[in-house]
Amino acid sequence: MKIIGTGSALPKKIVTNDDLAQFLDTSDEWILPRTGIRSRHVISDERLEDLAEEAARKALSDAGLTPKDIDLILCSNVVNEYMTPGLSCIIAAALGLECPAMDINCACPGFIYAMDIAENYFLAGKVNNVLIVCAEEPTRMTSWTDRSTCVLFGDGAGAAVFTKGDNLKAIKLNAQPSIEHLYQTRTLLPTPFITKHETEQPLHMDGREVFKFAVTTSIRDIEEILSKTGTPIDGIDYFMIHQANMRIIDGIRRGLGAPAEKFPSNIYDHGNSSSASCPILLDECNRKGMFKPGDKIVFSAFGAGLLSAVAYLEW
Ligand code: UT7
């Protein structure tokens with residue numbers, strides 16, 4: 001398959017580190033050097049499904065397609081206001097589409113997990129065009145009194161349209177299952193029969209553990225996929241790394257021995273928008289005209305699960 005269109009949408013409210021310092025024991029001097037983040041877009045009066053629809057429409061327009069050309073919608077999402085139906089169905093309804101629609105909850109590497117599913121639909125000959133939308137509102141998962149998590153996240157949606165082609169050169173999904181390092185729990189509605197104890201807990205993260213997992217798995221995933229395809233690291237034009245922390249991206253870059261200009265980043269004014277981060281970055285680079293046909297691009301992402309994934313494709 002190959003990418004023929006991208007789109008993204010962000011909430012209008014921008015929250016700076018200085019804004020956070022008004023109600024949290026934190027500062028720009030702490031956040032910026034440790035994360036690379038100065039501000040983030042945060043949902044206020046928007047609905048996530050509207051951002052998802054906007055990103056999808058922009059991607060379709062960029063691809064020169066109309067909604068009826070889409071044969072499958074895949075949506076990567078961790079939380080939104082609907083438990084059911086899936087966000088993919090809500091996007092399908094908004095676009096007036098009747099094609100199959102499914103959600104995946106693979107946290108930050110969701111864009112690459114969705115790509116893997118899409119590729120298999122293409123290989124099975126079941127689809128001509130697939131729309132992937134990653135829409136996330138992690139700012140609704142964190143406690144806004146927990147300075148170690150809430151300062152990291154931003155909301156948004158990114159989308160890409162894929163069509164038949166052989167531009168996806170390799171893709172690999174990994175799991176190192178462990179819940180305790182990164183999770184959130186919620187309680188469901190009561191019934192007359194529930195006797196177990198249930199708790200609601202905002203996002204819990206062992207930052208250092210996740211940091212180590214991110215850097216080591218990303219370097220390993222990228223080296224593995226490139227060595228399997230016989231591609232040298234310096235043959236890659238762009239490394240699109242999940243925008244979790246600038247120090248994570250720098251650690252991966254140093255581990256690979258690749259120059260900084262090959263690592264586009266928007267974490268400075270976006271923060272970490274979970275699975276939306278890679279397609280939002282992709283769309284911003286695409287709209288700047290950075291990519292030319294044949295450019296070699298690697299995606300690498302990691303997060304709750306603990307899951308990681310890597311993909312290597314040509315533009
Ligand atoms: O999408 C994937 C999910 N998440 C990630 O990728 C996150 C990966 N981890 C990280 O990015 C980093 O571990 C963090 C940015 C979360 C934390 O950085 P760190 O250098 O690992 O700091 P730390 O957690 O070890 O905390 C160091 C100190 C602590 O104070 P004490 O105990 O040394 O007195 C924290 O309480 O910094 C304190 N601290 C803060 N201080 C001011 C933690 N957060 C803040 C804050 N402002 N926002």
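1. A word on the basis. This is a predicted model, with local features needing pLDDT of at least 70, side-chain atom pairs counting only at pLDDT 80 or more, and totals for chains, interfaces and linings using all residues. Residues are numbered from 1 along each chain as its sequence is written, and side-chain values use heavy atoms, with hydrogens and water left out.

2. Overall fold. The protein has 10 helices and 13 strands; helices (H or I, at least four residues) and strands (E, at least two) are DSSP runs, numbered from the N terminus. The radius of gyration is 19 Å, close to the 20 Å that the globule rule gives for 315 residues, so the protein is as compact as a globular protein of that length. That radius is taken over C-alpha atoms, and the globule rule is 2.2 Å times the number of residues to the power 0.38. Along the principal axes, the C-alpha atoms fill a box of roughly 50 × 50 × 35 Å.

3. The domain interface. In domain 1, 49 residues are in contact with 43 residues of domain 2 (contact means heavy atoms within 4.5 Å). The two domains bury about 3700 Å² between them, 65% of it on carbon and sulfur atoms. Cys108, Ile112 and Tyr113 supply 18% of the area that domain 1 buries against domain 2, more than any other three residues. Buried area here is the accessible area (1.4 Å probe) that two parts lose on being put together, summed over both.

4. Polar links across the interface. The rule finds 0 salt bridges between domain 1 and domain 2. A salt bridge is a side-chain nitrogen of Lys or Arg within 4 Å of a carboxyl oxygen of Asp or Glu. Polar contacts do cross: 19 residue pairs, both at pLDDT 80 or more. A polar contact is a pair of N or O atoms within 3.5 Å; within protein, one must be able to donate a hydrogen and the other to accept it, and residues adjacent in sequence count only if both atoms are side-chain atoms.

5. Who lines the domain 1 side? Several elements each supply at least two residues, among them strand E1 (2-9), helix H3 (48-63), helix H5 (110-123) and strand E6 (129-136). H5 gives the most, with 6 residues. By class, this side has 24 nonpolar, 16 polar and 9 charged residues.

6. Salt bridges elsewhere. The whole structure holds 16. In one of them, the side chains of Arg38 and Asp28 meet at 2.4 Å, N to O. Arg38 lies in the loop between H2 and E3 and Asp28 in helix H2, so the pair ties together parts that are 10 residues apart in sequence.

7. Lys292. This residue sits in the loop between helix H10 (277-287) and strand E12 (296-303). Its side chain makes a polar contact with the side chain of Asp295 (2.9 Å).

8. Backbone points to check. A cis peptide bond joins Thr84 and Pro85, with omega about 0°; Pro85 is in the loop between strand E4 (72-76) and helix H4 (87-95). Another cis peptide bond joins Gly305 and Leu306, with omega about -10°. Leu306 is in the loop between E12 and strand E13 (307-314). Ala107 has phi near 55°, a positive value in a residue other than glycine. Its place is the loop between strand E5 (101-104) and H5.

Definitions and conventions. Nonpolar A, V, L, I, M, F, W, Y, C, P; charged D, E, K, R; others polar.
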